[in-house]
Amino acid sequence: MEFIRRWLEPVSASRVTRFILFSAIFNFSLFGISDVLTNFYYTSLGHSVETIGILQSLPRISGVLVSLPVGFIATRIGTYRVLIYATIGIIVMMFLPIAVPALPSLALSCFLMGLFYGAQQVAFNPFLGALVKAEHHAVLFSYHNVIAMLAASLGSFVGGFLPTLAARLLVLPPPLEVAARSTIAYAAVLLLSVLVGATSLLLLIRLPQSPVAQATARIRLPMRDFPWKRLLLMAIPMLFFGFTGGLTFPFYNLFFRQTFHVADDVVGSILSIGWLGMGFLPLINPSLDRRFGRTAALFMMLVVSAAAYFGLSIAPTLPLSIIAFVIAVSARGTMQPLFQPLIMANLPVNVHNMASSIGFVAWNIGWFAATSVGGFLQAAQGYDFMMQVVAVGVLLTGVSVLLVFRRPMPVIAEPRSNEAQV
């Protein structure tokens, strides 16, 4: 964290460090251990790919419903409180499918997970951006992405081996390979993931807030004064971005298991390599930003990602598929660390919460559309065709970024309160 300490006062560096550590532990739990095993848990309960696709679409419905209201709520009570309440809700929803594994409970947990996760993500980027000065956004978002993806990578790698370990420790009936794919083994590991996620709250609770976050919570902007047309225009790339995410992230584990017939630990290792790429490649974002500009840099990386997804659709062997997968997800992963600062640079601080809300609505709509048909699309056309659709979607994401941000937008007046300045 030395890059932060050179630019910030010690108290600010402490805020950033604690928040990034919170994010790391949370990502290790939710996007590492839990993400790699949840679909396998559903499969062990006897559910088909089509059912899993529907379950994966439910969080996006609730995400759409909650995103706009949370934007107003975050402006009223502050992003910090929203983060606390939402994170608690996510952890509870991670536990519900383990406690009550019936299908209605799975559906309810997925729906409410989307509600709480949506609330958390609406508040997350504005809160993170408020921790540093605007000129440091690109660097902070890139380095946060590194830590978060490293944590998710480690969680995925460890998570792939944990069911076998759980089967041994619980002395489940042999053979071990079958026991490791049992509902009991998966449930035990997912429970561990819940406990790890709960520890992240210790870093978030009583986290000192930055002057920007405190001041923004006190700024009131009437609904009629929001630049709605601009906010909607800026959200278009997130629609395509969400669609490509919905056709890929819920299905990567099933893709590698069913296409190449590999074990859970191999799937976890493959996903962990992908998350490592997603973490480290965005480190070049600040350099690309300085050399080409944020818009052109993002467009170039998304074109690379689209080409890699097409390569993934035709790769004949597992090693080639892994290479294409890592390039695809890594280049696509530059979207958030570049796009969020791009949004913030074109909007005053008192509009950031609503911009995050509308962007998340668009992302959820795209993700819902993809996951609701993803299982059926896979069953009818196969994973190769799915990845080709994703390639087109990623390319459209890049084109939309280029069209929306090809020219500098007129500057909107900053809020009058001097408290909003760092």
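A: Ser 34 touches Ser 29, Met 94, Leu 190 and Ser 193, leaving aside residues up to four places away in sequence; a contact means heavy atoms within 4.5 Å. The model is predicted, so local features need pLDDT of at least 70 and side-chain atom pairs pLDDT 80 or more, while totals for chains, interfaces and linings use all residues. Numbering runs from 1 along each chain as its sequence is written, and side-chain values use heavy atoms, without hydrogens and water.

Ser 34 sits in helix H2. Helices (H or I, at least four residues) and strands (E, at least two) are DSSP runs numbered from the N terminus. With a relative accessible area of 9%, Ser 34 is buried, where buried is under 20%, exposed over 50% and partly exposed in between (1.4 Å probe, protein chains only).

Not counting residues up to four places away in sequence, Phe 325 touches Tyr 252, Phe 256, Ile 270, Leu 271, Gly 274, Trp 275 and Leu 312.

Phe 339 is one of the buried residues of helix H17. Nine of the eleven residues of H17 (335–345) are buried, so this helix is largely enclosed by the rest of the structure. Gln 340, Ile 343 and Met 344 of the chain are among the residues that line the second largest cavity. H17, helix H5 (103–129) and helix H18 (352–381) each supply at least two residues of that lining. A cavity is a set of points on a 1 Å grid over the protein atoms alone where a 1.4 Å probe fits but cannot get out; lining residues have an atom within 4 Å of a point. The space in this cavity is about 50 Å³, as filled by probe spheres set on the points, which are joined across faces, edges and corners.

For the chain as a whole, there are 19 helices and zero strands, and 59% of the 422 residues count as buried. Of the contacts with a separation of 6 or more, 86% come from residues 24 or more positions apart.

Notes
On a 1 Å grid over the protein atoms alone, a cavity is a set of points where a 1.4 Å probe fits but cannot get out, and a pocket is an open set with protein on both sides within 12 Å along at least five of seven lines; lining residues have an atom within 4 Å of a point.
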